[in-house]
Every structure is written in structure tokens, then in C-alpha cells.
Amino acid sequence: MVLSTGMVLSVGMGLTIGSCSSDPTEANPFINLIDAKDDGLPEGETTGPVEWVPDLYPEGSDGHSDGQGEESVGDLEGTEGGEENGGADGPEGDGAGGDVDAFAPDADGWGQDGGGEDGGGDPDGTGETDGGDADVTPGKCNPPCGLGELCIGGDCICTPKCLGKECGDDGCGGLCGICPMGSECLISGTCSCVPNCEAKVCGDDGCGSSCGYCLLPDVCLDGGCVCIPDCTGKTCGDDGCGGSCGPCPPLHQCDQGTCSLYCPTCPNLGGNCPQTVHGDHMYYFCTSPRRWDKAVNKCEESGTHLVTISSPDENSFVSSLTGGAQVWLGYYESWFNWHWVNDEPKGYEAWADGQPDDGDIWTIEDCAHMWPGGVWNDNECHVELFYVCEYEPFK
Ligand SMILES: [Ca+2]
Ligand SMILES: [Ca+2]
Ligand SMILES: [Ca+2]
């Protein structure tokens, strides 16, 4: 170290007193001093440094070797024998090999081991970091990773194996995926739909198949077989489920969903007495004028009777049936009392105002007929009028 200090001091002195010429061989007196020495070599080239000379250019400042500083450092370190300095010597030594050998035979070995192999040595001088850890390499793991593991950053990492799988274990403690609601994960790693027919006897099982089928006429509704009545376009008849779309009125029957007149027992009174049903009775409006008693006979001949009126409804119907024409009613007076021809009880009456008046003092009015508007009048029985026969099939 003492020698080294002297070297630095000498260099400082040389720089201080020397010129600033770019060619140290021309202007530096110390160089001249060296050259003046008879070493048998060309100028500036040194070998076999028997003597120490000041280093004019610190290492790295001139980009080329001057054959001085390096060898001096190598010498110093070599003499000290520190392993930690071995690395720094590696790249050096160009043109100084002789020096190293001469001053520190051991240093040559360090320089090759430390610098040559590790490429640059240990900048901090520890000399251990680069040389002793060759088995720890990025991308390699020790001990080697097991099957299914990847070495990442020196650690063995489990790699999930989910190729071709949508669910199930990924081999690393995780899952490859979760099956959607209503499905389960098979061992193969695929999701399989689970049929659900709970409380269902028919209908979709949730997986594209059926929980069961219904027998006609039942249809599946909310998982159960039910019959839904269908009366579209029908007013009567079977509803498709054993029920009815509705009853038909009396003297009618259901024909393909529609009620039509049906009265096999109703008499036929001919073309002058067309029939019309009302309620459960059949009425015949006869337009051949007859005396009251002839009208009664005509009706009875066919199994009917001259019409009787027992309610406002029936009265209104007859009035509308005849279109306002005057028609005989089956009502007559006998012994100061009015009677219906079929002996049904007296009840409803619809006499016009002031009727029955029995006519005047010269007439006898004992037979009732209907005026336009549905009101009644007593009249002479020999008058010829239209009449209405009535048939009661269920009496
Ligand atoms: Ca009647
Ligand atoms: Ca009378
Ligand atoms: Ca009268």
C-alpha cells in the first residue's frame, strides 16, 4: 500500500507539471525517462517491469493499455493474497502478463478463475456471488418439478388441466368450471342436464325430454294431465271433456253444437197455420178467418187448443206473432164468468180499457180476441177472425 500511495502521488505530480499534449510520449518527461531506460523495446512498450514507474493514465481513461497501472494493481492485490480481489484482475493483464508473473505468481491463477469464467469479475470485490451459485438458474427448479408442474421463477407451479373439460377438478385444487343450474358435472368433465320430473306426470323434464304423455282428450298443463273444455263455436253439445257446452231450449235438440227445432209430436196444421215455438209450447198462427167456435174446433182437431194467455210474456209473444192482426183467444164468457178453453185457471188478463163491455143493449159479446197492441176485447162469437192454436207437448 505504501508503494501504491507513492504511485498515485507521482502520477499527480506528473500531471501537474506535465504539458497537456495529446501524445504522452512526446511531452511527458516521465515517459521520456522510461524510454531513456535501456530495456531493448520500442518506445512506450513495456515488458518485464523490473522497476516501478508512475502511471500517467488511470485505468480506463485512455482506452488502451499503458502496461502500468494494471500490473501495479495486480501486483498489489497479488501480494495481499485476498481472494476477494481475484475477480477484478481477470480482464486486465494485457501487456502485463510478465508483471503479474514476476510480482505475484499466484495472481495469474486467480485472474483466470475469477475473471475469465465469470466475465467481468466481482465489482464489489466479494468474489463469491458469481462463482459459487451455478446450480440456481432462472427457469430451472431444484428439485425438478413433478408431473403437471411448471417451473416459474424457480418455483414449481401446478398447471390446471382443463383441456376438453367444462367442469370438475383442474388437478390443482380448483375447478375447470361450474355447471349451470339443472345440470351436473360428469367424471368426464362435461356438464350433463339432470331431468326433473318432480310432481310432474307430463311435460318437459328440463332436458329436452318428456316426463310423460297424456291420453286424449287430456293435455298437459303445469305438469299435470287435464281436459280443457272447448266450446268454440258451440252453444250446446259435448265440450270435449264429458261435459256440455250448454242445453238446448225445449222443443229443440243439439245438432253439431247448434240447437235446432225438434218436436216430433208437434202437429202439422197446414200451410195456413205456420208454427212458431215459444218457451215449451208451439203456436200456430192461422190466417183463415173463422168464427170463434169453428176456430176452437179446428185447433182441437189437430190436438191443439185455441191459444190461452197466462202471462204478459205469452201475451206479448202472441201479439208479435200475429203482427197486430185481430185473432181469437181461447177465452169465453159463460154464466157471467170467463173461462179458458182448456180449463186452465183464470189469472192474467189484458183487457183493453172499458172491456169487456158485452157490447151494447142489442148485442152479446161472450168471446175474447186480441186487438192490435195486445189488448183484449170481448166480441160477438160469430165474427170471423184469424186465430192462434197452441200445442203443449209436455202436458
Ligand atoms: Ca197458453
Ligand atoms: Ca158477455
Ligand atoms: Ca167489447
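Me: Hi! Let's start with Lys-298: is it buried or exposed, and why?

Reply: Hi! Lys-298 counts as buried because it has 20 C-beta neighbours inside 10 Å. The cut-off for buried is 20 or more. Keep in mind that this is a predicted model.

Me: Okay, and where is Lys-298 found?

Reply: You'll find Lys-298 in helix 8. Between Lys-298 and Leu-269 there are 9.0 Å in space, C-alpha to C-alpha, while in sequence they are 29 residues apart.

Me: Leu-269, noted. What does Cys-286 touch?

Reply: Leaving out residues up to four places away in sequence, Cys-286 touches Leu-269, Asn-272, Cys-273, Phe-386, Tyr-387, Val-388 and Cys-389. Cys-286 is also among the residues with the most contacts inside the largest nonpolar core.

Me: How many residues does that largest nonpolar core have?

Reply: The largest nonpolar core has 34 residues. Besides Cys-286, those with the most contacts inside it are Leu-306, Leu-329, Tyr-387, Val-388 and Cys-389. At least two residues of this core come from each of strand 10, helix 8, helix 9, strand 12, strand 14 and strand 16. As background, nonpolar side chains tend to be buried together in soluble globular proteins.

Me: Tell me about strand 16. How many of its residues are buried?

Reply: Strand 16 is mostly covered, with 6 of its 7 residues buried.

Me: And which way does strand 10 run against strand 16, parallel or antiparallel?

Reply: Strand 10 and strand 16 run antiparallel, joined by 6 bridges. For example, Leu-385 in strand 16 is the bridge partner of Arg-290.

Me: What about strand 11 and strand 12, how do they run with strand 16?

Reply: Strand 11 runs antiparallel to strand 16, with 2 bridges between them, and His-305 stands opposite Glu-390. Strand 12 runs parallel to strand 16, also with 2 bridges. There, Trp-328 stands opposite Tyr-387.

Me: Switching to helix 9. Which of its residues are buried?

Reply: Asn-315, Phe-317, Val-318, Ser-319 and Thr-322 are buried in helix 9, which covers residues 312-322. Those buried residues pack against strands 9, 10, 12, 14 and 16.

Me: Which residue other than glycine has a positive phi?

Reply: Leu-251 is one of them, with phi near 65 degrees. Gln-256 is another, with phi near 55 degrees.

Me: Last one! What is the mean pLDDT of the protein?

Reply: The mean pLDDT is 75, and 65% of the residues reach 70 or more. Over residues 1-137, though, pLDDT stays under 50. Where pLDDT is low, the predicted coordinates should not be read in detail.

Conventions: Residues are numbered from 1 along each chain as its sequence is written. Chains are lettered from A and ligands numbered from 1 in the order in which they are written. This is a predicted model: local features need pLDDT of at least 70, side-chain atom pairs count only at pLDDT 80 or more; totals for chains, interfaces and linings use all residues. A residue is buried if 20 or more other C-beta atoms lie within 10 Å of its own, exposed if 12 or fewer, and partly exposed in between; C-beta atoms are placed from the backbone. Helices (H or I, at least four residues) and strands (E, at least two) are DSSP runs, numbered from the N terminus. Two residues are in contact if their C-beta atoms, placed from the backbone, lie within 7 Å. Two strands pair if DSSP finds at least two bridges between them. A nonpolar core is a set of buried Ala, Val, Leu, Ile, Met, Phe, Trp, Tyr and Cys residues joined through C-beta atoms within 7 Å. pLDDT is the predictor's confidence in each residue, from 0 to 100.
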